[in-house]
Amino acid sequence: MRLPLPAYAALLALPLLAGPLALPVTAQQTETEDAQVSEPPMTVTRLESIITALDPDTRSNGNQFQMTIEDVPILIVTDFRADRMRAMVPIRSISEMTGEEVMRVMQANFDTALDARYAIAQGRLWGVYIHPLSPLEKDQFISGLGQAVNLAKTYGSLYTGGAMSFGGGDSVPLQRQLIDRLLERGQEI
């Protein structure tokens, strides 16, 4: 399918790297990244230890986890055979959403949701973070959880995952306090 010329031109006018993502890489950053030791592959057991460190009251059946962060319920589903992990935060019934709200969550998916996304399934709007399981790193997971929770908490206002803004979109500046607090707690794991 070809885009109409005005829509195509609008895409070309977007900055390829804008806002926080346009930071140059310094030699010091490269050396620091090269010096970092890789984490072991993520397993369901390792994931469970991270989850229970963040919420000691987590409930689990071995492959699914129910936890709470800042009074927001999260369901985490793992599938080791498919090497996938999905963290889901229920937000609201889609029957209550207006067309403007649907448009707004789609705009946020473009520029402010980032690693987490708004999604619709089973008659609900969700904040979701989906990632392959084995390459998932601890801080990626913690950040993804924080972003999914932020999508729920900022629904109706900022519509943000809280990590950063891609730029070139329609969303307002972001908040990142929750992710920073979770990453700080994650250093203890």
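Helices (DSSP runs of H or I, at least four residues) and strands (DSSP runs of E, at least two) are numbered from the N terminus. The model is predicted, so local features need pLDDT of at least 70 and side-chain atom pairs count only at pLDDT 80 or more, while totals for chains, interfaces and linings use all residues. Residues are numbered from 1 along each chain as its sequence is written, and side-chain values use heavy atoms, with hydrogens and water left out.

**View A. The open sheet has six strands in the order β1-β2-β3-β4-β6-β5.** The pairing is antiparallel; two strands count as paired if DSSP finds at least two bridges between them. Strands β1 (59-60) and β5 (116-121) are at the edges with a single partner strand each, so one side of each has no neighbour in the sheet. Strands of a sheet pair through backbone hydrogen bonds, either parallel or antiparallel.

**View B. Strands β2 and β3 are joined by six bridges.** β2 covers residues 64-69 and β3 covers residues 72-79, and the two run antiparallel. Within this pair, F65 stands opposite I76 of β3.

**View C. Strands β3 and β4 form a hairpin with four residues between them.** The two strands run antiparallel and are joined by five bridges. The bridge partner of V77 is R86 in β4. In the turn, D83 has a positive phi of about 60°. β4 is mostly covered, with seven of its ten residues buried; buried means under 20% relative accessible area, exposed over 50%, and partly exposed in between (1.4 Å probe, protein chains only).

**View D. Strands β4 and β6 pair in the antiparallel sense over nine bridges.** Two bridge partners in β6 can be named: P132 for R84 and L125 for R92.

**View E. Strands β5 and β6 form a hairpin with two residues between them.** Six bridges join the two strands, which run antiparallel. Q122, in the turn, has a positive phi of about 55°.

View F. Axes are lines fitted to C-alpha atoms, for helices over the stretch in contact, and angles run from 0 to 180 degrees between N-to-C directions.

**View G. Helix α4 lies across β4, β5 and β6.** The helix (residues 99-111) runs at about 145° to β5, and β6 spans residues 124-132. Its buried residues are E101, R104, V105, A108, N109 and D111. These buried residues pack against β4, β5 and β6, where contact means heavy atoms within 4.5 Å. The 13 residues of α4 should span 18 Å at 1.5 Å a residue, and the end C-alpha atoms, 19 Å apart, agree with this; the expected span is 1.5 Å times one less than the number of residues.

**View H. S93 is a residue of strand β4.** S93 counts as buried because its relative accessibility is 19%. Its side chain makes a polar contact of 2.8 Å with that of S95. A polar contact is a pair of N or O atoms within 3.5 Å; within protein, one must be able to donate a hydrogen and the other to accept it, and residues adjacent in sequence count only if both atoms are side-chain atoms. Leaving aside neighbours within four places in sequence, S93 is in contact with G123 and R124.

**View I. R92 forms salt bridges with E96 and E101.** A salt bridge is a side-chain nitrogen of Lys or Arg within 4 Å of a carboxyl oxygen of Asp or Glu. The closest N and O atoms are 3.5 Å apart for R92 and E96, and 3.1 Å apart for E101 and R92. Both E101 and R92 are buried.

**View J. R181 and E70 meet in a salt bridge through their side chains.** The N to O distance is 2.3 Å. This pair links distant parts of the chain, 111 residues apart: R181 is in helix α6 (residues 177-186) and E70 is in the loop between β2 and β3. R181 is partly exposed, at 40% relative accessible area, and E70 is partly exposed at 35%. E70, K153 and R181 are linked in a network of salt bridges. The structure holds five salt bridges.
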